[in-house]
Amino acid sequence: MTDTVPTQVNKTPSQSDSARFRRLRKYAVLSLLLAFFLYWQRKPVLGPPLSAVVNSYIADRDLVSARQWVQTAQRLLPNDPAFALLEAKVARRAGDMQTVTEALKKASKLGAARSDLNREQWLALAQSGQMIQAEPHLAPLLTDPNYDNKEVCEAFVIGYIRSHRTDAALSLLDPWIADAADDATPLLQRARIYQLLSAPQKAEDDFRAAISIAPDWNTPRLGLAELLVTQNRFSEAAEYFQQLLADESNDDPELSVRIRIGLAECQVAEGNMRDAVILLKKACRTDPRSLDAHVALGRALLEAGKYDDCIEPLQDALHLRPSYDETHYLLAQAYSLKGHRDKADEHLKIVSAARKALGELDRLNADVLTEPDNAAKLIRAGEIMMAYGDPEEGVLRILTGLDHDPTNATGLELLASHYVARAERDTAYQHLATEFQQRLTDAVKTDTGQTAP
C-alpha cells in the first residue's frame, strides 16, 4: 500500500484577504451591536456605578470630586433625574442653595419622584435655617427607612445653629453621638456649638474626639487649631496648621486659605512677619474673593510698618464687602500713620456707625435665644448682618423672620433689593428678585386694604 502524501492547498492572496475582511466585518458588526446595546441600556449599565462613585465621595466629604463625577454622569446620562438630585445633594452640602434650587427644578422636569424632590427640598430648607417650613417634616424624615437619617440630623443641626436654637441642635446631636461612636461629624458640630456658647474646653474636647475618630479629616484639625489661636496657644496651634499645610491631599481652596490665615497669625504672634506675609499673599492668590485673606494681609503689612503696601489688599477687601468695619479701621490706621487725617476720619466715621450697629446685633442675638420666633428682631438682625457682616447669613436670618411673619414688608423689601442687585450681576437670581418683588407688592396691597390682582 502506497502512503499518500496530503496535498497542501495554497490560498491565493485574494482568498486570504477576503477571509480577513469577513472576520473584520463580523467583529465590526458585533462591536456596533455591543455599542448600540450599551447606548440603549446606558442608564441601567452606567447609572448605578456612577451613583455609587458620587455617594462614596460625598461620604468621604470630598465635594469637589463628587461634583466632578456628577457633571460627568450628567454628560453621559443627561436625561437621568438621579444625577440632578445628586447635584442638589452635593450643592446643599456645600451650602450653595442657589444651585440646589436649579438642580431640583431640573430633576423635576426630568421626572424625579415627588418624594425624592420633597426630601431634598426639606433638607435644604432646614440647612438654610428656615425651620418653620422644615421642622414639620423632621419626624418623618428621621423615621424613613429608605434613607440615612444621619444626613437629616446634620441638615437640621446646621439650621438650628443658624437660627440660634442651640438647645434644639444639641437635642439631635446627643443621641446621634451616642448611636454613632465611629462618626466624627456630630462631634464636630457639637464643638462648633460649644464655641458659640463660649465653652472652649468642651469645644476642644469634642474637636479632639472627632480627630481621634477621623484623623485624616482636615476640618476637625483646622477647627481645633483655630480654637487654640483664640486662646493664644500659638505654638500648639502652629503644629496643627503646619501638619495641614503639609497635607498635599488638601485641595479645598477654602480650607487652604483658612490654614494659611491661621498659621500666619501664629507667625505674627512670634514676630515672624516675613513668613506671615508670604503665607497671606499665597492665601489671596488661592482665593482672590476671600475677604478674610485680604484683611489679614493688610493687617500684617500694617503691623510690619509697610503702610503703603497695606493699602492695596485693604482696598481689595473693601470691594469684597464695602461696609466691613475691620477693613475701615485698618485703613484709618494706615492713613493716619501716613499723615492723611482726612482719609482716616472718613473711615473712622464708618467704623463708628458699624460698631454701633454690631452692638445692637449682639443685643438682638441675645434676645433671639429666648425669643426665636420674634420676626421683627430676626429681620432687624438680618438687616444689620447684610450691611455690616456676612450678607448671606443676613439673608438667612431674614428668611427665618419671614417664616414667622411672611408678609413683613421690611424683610420682603430687604430681600427684593438684595436679589435685584444680585440679578444685575448674575441672571440666575432674577427669579428670586421677581418673587420677592411680587411678595412685597402683595403684602403692601393687603396692608393698605387693596385687593391684590
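Mentor: Tyr429 has a relative accessibility of 13%, so it counts as buried. Keep in mind that this is a predicted model.

Trainee: Where does Tyr429 lie?

Mentor: Tyr429 is in the loop between α23 (409-425) and α24 (430-447).

Trainee: And which residues does Tyr429 touch, leaving out those up to four places away in sequence?

Mentor: Gln98, Tyr419, Arg422 and Ala423. Tyr419 is ten residues apart from Tyr429 along the chain, and their C-alpha atoms are separated by 6.2 Å.

Trainee: Switching to helices. At roughly how many degrees do the axes of α15 and α17 cross?

Mentor: Roughly 20 degrees, with the axes of α15 (residues 253-269) and α17 (residues 291-303) coming within 10 Å. Angles under 35 degrees count as roughly parallel, so α15 is roughly parallel to α17.

Trainee: Left-handed or right-handed crossing?

Mentor: α15 passes α17 in a left-handed crossing.

Trainee: Which residues make the contact?

Mentor: On α15 they are Val257, Ile261 and Val268; on α17 they are Asp292, Ala293, Ala296 and Glu303.

Trainee: What does that contact look like by class?

Mentor: Five residues are nonpolar and two are charged, with no polar ones.

Trainee: Next, Asn218. Buried or exposed?

Mentor: Buried: the relative accessible area of Asn218 is 10%, and the cut-off for buried is under 20%.

Trainee: Which helix is Asn218 found in?

Mentor: Asn218 belongs to helix α13, which covers residues 218-230.

Trainee: What does its side chain make a polar contact with?

Mentor: The side chain of Asn218 pairs with the side chain of Arg221, at 2.6 Å.

Conventions: Residues numbered from 1 in each chain as written. Predicted model: local features only at pLDDT ≥ 70, side-chain atom pairs only at ≥ 80, totals over all residues. Heavy atoms only, no water. Axes fitted to C-alpha atoms, helices over the stretch in contact; angles between N-to-C directions. Helix = DSSP H or I, 4+ residues; strand = E, 2+ residues; numbered from the N terminus. Parallel < 35°, antiparallel > 145°, perpendicular 65-115°, else oblique. Left-handed = near helix turned anticlockwise from the far one by under 90°. Contact = heavy atoms within 4.5 Å. Nonpolar A, V, L, I, M, F, W, Y, C, P; charged D, E, K, R; others polar. Buried < 20%, exposed > 50% of the residue type's maximum accessible area, 1.4 Å probe, protein only. Polar contact = N/O pair within 3.5 Å; in protein donor to acceptor, adjacent residues only side chain to side chain.
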